[in-house]
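Dear colleague,

I am handing over the structure below, together with some notes on what was found in it. Please read the notes with the structure open beside them.

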Amino acid sequence: MLCLAAVAPALAADAPRIRVDVNLVNVAFTVRDDHGALAGDLSKDDFEVLEDGVPQRISFFARSPDLPLSLASVADVSGSQVHFIERHRHDMKEFLKDVLAPRDQACLVYFGNRVRLVGDFTASSKSLMDALGRFEHGLRRFPELGFGTAFCDAPYYAVTAKLAAVGGGRRALIVFSDGEDNSSAHHMLDTIEAAQIADTRVFAMRYTLQREWRVTARNESLMERIAASIAARNRYGASVMERIARETGGAAFDAGEANVRAIFRQIGEELRASYELAYVSANAQRDGSFREVVIRPRRAGLSVRAKTGYFAK
């Protein structure tokens, strides 16, 4: 994330202001050993950082498991997810119960034909689920976060309208969807860029149709065509969700094949066990280009999960 630091001396009311522009890049990341366990005993000397292949000097390094979390939970209620709405509700409740601590905060965003803020930031999972109940029963109007109506718009607005405004702590977004998108106002790359700028990791929980299409099929030929169409949409949605997660330092999961409760615990553990580092980029140009960032462990058997870079704006 590119930060601009300003210094204003307060020695006198008319003292000149000094502005210092620094290409400070912040990266949060997690580290696992070759057994898959989180590694929590590392220092900055255990890593080297490369930006576009050029070594960088680490200016700041820390691991603070007590930092508060700011979470956005985003759920899809579009036509392709009607079979999973109840499961979304159940899994979202489990996620908030497993991950949210008193020092944390979370908000709920739902999208179908609109992107709506169902529950604003709070540390109470009960308050969020109560807000979801009101939303599902249409008891009051809920604010719109943006004008888009499809998959890429929802995480984009959840990041830019909510998470980006949060100061301090760690930010993450979990999205419950199949990743289908044919009408977003924002491209997948817009969503990735917004999340990278806001140091927000995206975790995607994918729900896809597998057998429901058989109910509507009247003959074998139609069944084959429907199956092929669904398979193609599922592959596309999976690729979108996996790329957004990977590029932001998160991860994507298939809800039909995974132990969802275990995944939620894993996400919570990763966020609590994250490291943070910062460096002053050796490249002073701010040309809007993408800069690839690689955090390379010096110890054997370690793997790093982090965002893949940032846009130098």
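In strand 12, F253 is the bridge partner of M205; strands here are DSSP runs of E with at least two residues, helices are runs of H or I with at least four, and both are numbered from the N terminus. Strand 11 (residues 200–206) and strand 12 run parallel and are joined by 4 bridges, where two strands count as paired if DSSP finds at least two bridges between them.

This is a predicted model, in which local features need pLDDT of at least 70 and side-chain atom pairs count only at pLDDT 80 or more, whereas totals for chains, interfaces and linings use all residues. Residues are numbered from 1 along each chain as its sequence is written, and side-chain values use heavy atoms, with hydrogens and water left out.

The open sheet is formed by 7 strands in the order 9-8-7-6-10-11-12, with mixed pairing. Strand 9 (144–146) and strand 12 (251–254) stand at its edges, and because each has a single partner strand, one side of each is left without a neighbour in the sheet.

Helix 6 (residues 260–272) lies across strand 6 (69–76), strand 10 (170–177), strand 11 and strand 12, and runs at about 175° to strand 11; angles run from 0 to 180 degrees between N-to-C directions, with axes being lines fitted to C-alpha atoms, for helices over the stretch in contact. The axes of helix 6 and helix 1 (residues 85–99) come within 9 Å and cross at roughly 40°. Among the residues that meet there are R87, D91 and F95 in helix 1, and F264, R265 and I267 in helix 6, contact meaning heavy atoms within 4.5 Å. The residues of this contact divide into 5 nonpolar, 1 polar and 8 charged, with Ala, Val, Leu, Ile, Met, Phe, Trp, Tyr, Cys and Pro counted as nonpolar, Asp, Glu, Lys and Arg as charged, and the others, Gly among them, as polar.

The largest pocket holds about 320 Å³ of space. A pocket is an open set of points on a 1 Å grid over the protein atoms alone, where a 1.4 Å probe fits, with protein on both sides within 12 Å along at least five of seven lines, and lining residues have an atom within 4 Å of a point; the volume is the space filled by probe spheres set on the points, which are joined across faces, edges and corners. Of its 15 lining residues, N26, G169, R171, D199 and E276 are the closest to the centre.

With best regards
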